[in-house]
Amino acid sequence: MCRIIILTLYAHHQTRAITSITQTHLTPTTILQQSNMSQPLLDQIQQGWESYNDERSWRPFVLPLLLWSSTYIYTRTRSDKTHPLSHKWHEWNELHNIHNVGSLLLALVSLYFHSNAILNERVVILWNFSYFCVDLIDTTTRRDVPFILHALFCLACGTLNYTTPVCRVLRMNSKAALLEASSPFLHLAKRTKAPLHFVAFAVMFTLCRMVWIPVIISQLLASEEMNGWKDWRVLLVCAFYGLNVYWYLQILKILWTGGKKTKSDKTVVEEGADKKEQ
């Protein structure tokens, strides 16, 4: 009986000691001290972002450019020619998804807050501009004419958005970046070859490009600083839309034929083979 009482008292004493220690660690003074310790780190992060986000900073262009160019050089200089990415930067889907998702996130933040103090529109512009600089080099070396035109259009539109004040105010580059929402579905469909994934890509392409680009054009036309349909900036976006219409027709053709080659396609292939033999 005495042993039970002694053990009970000891347990009670230990509980009070633990409670006292816990209360000591949770006092407002302790919490404030911990907050003060983390404050310098938060200040450094804020100062770093303000410097990155500054109108005069070129880090939003240089840092992404280092990423895209270094990965391109990596694929071009691989000694192992059998590697899947050897000379195939355009097939590095994970890398392109980084660009697409990054572009979308920046665009959404830019459009939601609509404040250069939080996210300068030029950060979004330079993120995409740096990517398409390398993309233009890649498509040119591969002689891929449609994608060369795509890269040129994107660089031209990026320059337009950077140098035109009304486009900065309307955050046109962020709105245009939403087009990239269809790209991850394209990479998925190319990787899996699944018909359902291609259908998902076709739906996203319809919404993000066939529907959204005309909305962007209508907003440009509504601006008083634009000269209607005669304005070269409007015509540039219309030409870019024409390129997407060309791709959309190819998508519809694949959906209609199920990806099978038609007689006309076979004829073109045969003619090309004959020319090579000659």
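Axes here are lines fitted to C-alpha atoms, for helices over the stretch in contact, and the angles between N-to-C directions run from 0 to 180 degrees. Keep that in mind for helix H3 (residues 59-76) and helix H4 (residues 93-113): their axes come within 12 Å and cross at roughly 165°. That makes H3 roughly antiparallel to H4, a label for angles over 145 degrees. H3 also passes H4 in a left-handed crossing, where the near helix is turned anticlockwise from the far one by less than a right angle.

Before going on, note that this is a predicted model, where local features need pLDDT of at least 70 and side-chain atom pairs count only at pLDDT 80 or more. Residues are numbered from 1 along each chain, and side-chain values use heavy atoms, with hydrogens and water left out.

Now look at helix H9 (residues 183-192) and H10, which pack at about 160° with their axes 8 Å apart. H9 and H10 are therefore roughly antiparallel to each other, and their crossing is left-handed.

Helix H10 (195-222) and helix H11 (232-257) each supply at least two patch residues, and the largest share, five residues, comes from H10. Helices are DSSP runs (H or I) of at least four residues, numbered from the N terminus.

Definitions and conventions
Parallel < 35°, antiparallel > 145°, perpendicular 65-115°, else oblique.
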